[in-house]
Amino acid sequence: MSIASPATVDEILNYRLNVLLAQSGALTTRWCEGRFGITRREWRIIALLAVDGPISMGRLSQRASLEPDRISRLFSSLKEKHLVDRVSDTRDRRRSLVDLTSRGRSLYDELFPISVGIHQSILSDLTVSEMLTLDSLLSRLTDRARILNEQTIMAPKASRRNG
């Protein structure tokens, strides 16, 4: 296996990261859906609002790395569950922001320690030094991917239905 010069899909970084996410995310998904009645994406929104909220839908879209239309659907679903709501922007009353309700905050307070436990279990085979290295490498790779996205001029979007 060579990550430097992939010969198969199993050696491509994004594929390997996706496999890791699928395996580790399955644990989180079971907790989210089984105990709390939310999806993993809804959990992402709740967790980001707990840290960043209240924020605009546009900023939430950026932070969650999700398209604005997907954020709107997630917001609607979470609002129906009484976990998020719109609030007035204190600096500009014409704007509304998104924030957690008290019920959403309680869910976060209960689920976040579980997520941390999953995180720590997954990392438990690494030394402290390896964790620091992994953290640094992930930051560098994320920054590089962001730069590549900004520099790359994309062809017009193809239709998924028409190929």
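Q: What does I46 touch, leaving out residues up to four places away in sequence?
A: I46 touches I38, L78, L83, L100, G104, L107 and Y108, where contact means heavy atoms within 4.5 Å. Bear in mind that this is a predicted model: local features need pLDDT of at least 70 and side-chain atom pairs count only at pLDDT 80 or more, while totals for chains, interfaces and linings use all residues. Residues are numbered from 1 along each chain as its sequence is written, and side-chain values use heavy atoms, with hydrogens and water left out.

Q: OK, and how many residues are in the largest nonpolar core?
A: That core has 27 residues, and I38, I45 and I46 have the most contacts inside it. A nonpolar core here is a set of buried Ala, Val, Leu, Ile, Met, Phe, Trp, Tyr and Cys residues joined through side-chain atoms within 4.5 Å. Buried means under 20% relative accessible area, exposed over 50%, and partly exposed in between (1.4 Å probe, protein chains only).

Q: Which elements each supply at least two residues of it?
A: α1 (13–36), α2 (40–52), α3 (57–64), α4 (68–80), β2 (96–100) and α5 (102–123). Helices (H or I, at least four residues) and strands (E, at least two) are DSSP runs, numbered from the N terminus.

Q: And which one gives the most?
A: α2, with 6 residues.

Q: Switching topic: how many salt bridges does the structure hold?
A: There are 6, counting a side-chain nitrogen of Lys or Arg within 4 Å of a carboxyl oxygen of Asp or Glu.

Q: Which residue does R35 pair with?
A: R35 meets E110 in a salt bridge, 2.6 Å from N to O. R35 sits in helix α1 and E110 in helix α5, 75 residues apart, so this pair links distant parts of the chain. R35 is partly exposed at 48% relative accessibility, and E110 is also partly exposed, at 37%.

Q: What about K81?
A: K81 forms a salt bridge with E42, with the closest N and O atoms 2.8 Å apart. K81 is in the loop between α4 and β1 (84–88) and E42 is in helix α2, so the pair ties together parts 39 residues apart in sequence.

Q: Is E42 buried or exposed?
A: E42 counts as buried because its relative accessibility is 3%. K81 is partly exposed, with a relative accessible area of 26%.

Q: And where does K79 find its partner?
A: The K79 side chain meets that of D85 in a salt bridge, 2.7 Å from N to O. K79 is partly exposed at 35%, and D85 is partly exposed at 31%.
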